[in-house]
Structures are given as structure tokens and as C-alpha cells.
Amino acid sequence: MTILITYSTAHNTTALLAKRISARLTTILPPSQHVEILPITSIPTTCAAGIIPYSAIILGSAIHMGSWLHPAKKFISQHQSELGEKPVWAFSVGVPATEEMAREEEKKVEGEIRRHVPELKGHRLFKGKIERNDLPWVVRTWFRWFPGEAKFGDFVEWEEVEKWADGVGEELKGVLEGGK
Ligand SMILES: Cc1cc2nc3c(=O)[nH]c(=O)nc-3n(C[C@H](O)[C@H](O)[C@H](O)COP(=O)(O)O)c2cc1C
């Protein structure tokens, strides 16, 4: 059986998180469970067969302007019915300015995912990376998550990512052994 980790990224941080999650799952799951990582854009949205072979799915996306990237939104909208038949987890990657904004953003994004994947098993917002050059100038001027001072740098908390992946791995063991 194969577990799919599929992600949407603009500047590669989400891909790095997907790889770390995959590495943790590989150590936790029995050898009969394979983990495959693919960019969301490599899976045809028009073809249900694209995700049917997988026994569980972990979806990840960077957050831009308070929402998942377009390819990730399109994916959950177009694969809604297949996703409803599998255990699905999701993670988001953003750089919210404060812990309070992080909680708000996590809740909001999760609500958007659940509109298409109501049985979502779990969702987590992780801190990512941002450089000044990643932002179009116009965004710097009005973006909500810039309340004052711009915040640039690498904020990835790898331990948090690993802890989450380990939790998903343990849940997956139970779900897959139960034959769901
Ligand atoms: C144009 C742009 C818009 C962004 N909007 C948000 C946002 O609304 N909320 C947030 O938490 N982070 C936001 N970010 C930060 C990114 O989510 C963060 O840099 C993340 O690590 C990007 O992941 P990626 O490298 O996989 O693209 C934005 C970044 C860019 C470049």
C-alpha cells in the first residue's frame, strides 16, 4: 500500500516539509507501506485515477494571502469525492506575524479544506520561510499579515514538523491495520 504526500509550493519550503514528513513516516510505518511524494501539479485534476491507488493522503500547501495556493485548492475541489473515501491529513506553511494570527489562520484555512474534505483527520499550520524578494512590492504595502514591521527569515520549526509526522504515522498504522 502506498501513502501519497502531495504539495503545492511557491518557494520550495513546503516541498522540504513534505520530504521531512515522508522521512519520518518511512521510519514509523512497516516496510509494506510505501510513501510517495509528488508536487500537486503533477497529478491530473481531471482524472480520478490519479489518486485512487493511494491508501491515505497527506496534502500540503504554502499559504498566500490567507489561503492555500491555487493548485492545492483546485486539487481538493476536483478530487473531492475520492478524498472522501480515504484517510486525509493536511498541513499548511505560512509566516503569520503573531501566535494569535497563526491560530486564526490555521482555523480559517482548515475551514476551507473541510468544505471539500469534511472528514479531514487533522490539519496543522507550520511556520515557513520568507525572504523580502519573495514578495511583490504591492503585497508588502497592504498585506494583512504585515501589521507593521515586516518579518523575514527562516522560521521552520523542524521538531514540530517531526512531532506532527510521528503522530500521523501512529494514526496511520491504526487506520491501515483496521483496513480502512
Ligand atoms: C506572495 C506571498 C504571500 C504570502 N501570504 C501569506 C499569508 O497570507 N499568510 C501567511 O502566513 N504567510 C504568507 N506568506 C508566507 C509563505 O506562506 C511562506 O513564505 C511559506 O514558507 C512559503 O512556502 P513555499 O516556500 O513552499 O512557497 C506569503 C508569501 C508570499 C511570497
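Predicted model: local features only at pLDDT ≥ 70, side-chain atom pairs only at ≥ 80, totals over all residues.
The chain contains six helices and eight strands. From the N terminus on, these elements follow the order β-α-β-β-β-α-α-β-α-β-β-α-β-α. Of the 180 residues in the chain, 46% are buried. Among contacts with a separation of 6 or more, 79% are between residues 24 or more positions apart.

Helix H1 spans residues 13-28 and helix H6 spans residues 158-177; the two pack at an angle of about 45°, and their axes are 9 Å apart. H1 and H6 are therefore oblique to each other. The crossing in which H1 passes H6 is right-handed. On the H1 side, the contact is formed by Leu16, Leu17, Arg20, Ile21, Arg24, Leu25 and Ile28. On the H6 side, the residues that meet them are Trp158, Val161, Glu162, Trp164, Ala165, Asp166, Val168, Gly169, Glu170, Leu172 and Lys173. Sorted by class, the contact of H1 with H6 comprises 11 nonpolar residues, one polar residue and six charged residues.

Glutamate 162, in helix H6, is one of the residues that meet H1. Its relative accessibility is 19%, and glutamate 162 therefore counts as buried, the cut-off being under 20%. When residues up to four places away in sequence are not counted, glutamate 162 touches Arg20 and Arg24. Both of these arginines are in H1 and belong to the contact with H6.

Helix H2 covers residues 70-78, and its buried residues are Ala72, Phe75 and Ile76. These residues lie on the same side of H2, because the arc that they cover around the axis is only 90°. The buried residues of H2 pack against strand S1 (2-8), strand S3 (56-64) and strand S4 (67-68). They also pack against two helices, H3 (80-83) and H4 (99-116).

Histidine 116 is located in helix H4. With a relative accessible area of 17%, histidine 116 is buried. Apart from neighbours within four places in sequence, the residues in contact with histidine 116 are Ile76, Ser77 and Gln80. Of these, Ile76 is one of the buried residues of H2, and H4 is among the elements against which the buried residues of H2 pack.

Technical notes:
Residues numbered from 1 in each chain as written. Heavy atoms only, no water. Buried < 20%, exposed > 50% of the residue type's maximum accessible area, 1.4 Å probe, protein only. Helix = DSSP H or I, 4+ residues; strand = E, 2+ residues; numbered from the N terminus. Arc of directions from axis to C-beta. Contact = heavy atoms within 4.5 Å. Axes fitted to C-alpha atoms, helices over the stretch in contact; angles between N-to-C directions. Parallel < 35°, antiparallel > 145°, perpendicular 65-115°, else oblique. Left-handed = near helix turned anticlockwise from the far one by under 90°. Nonpolar A, V, L, I, M, F, W, Y, C, P; charged D, E, K, R; others polar.
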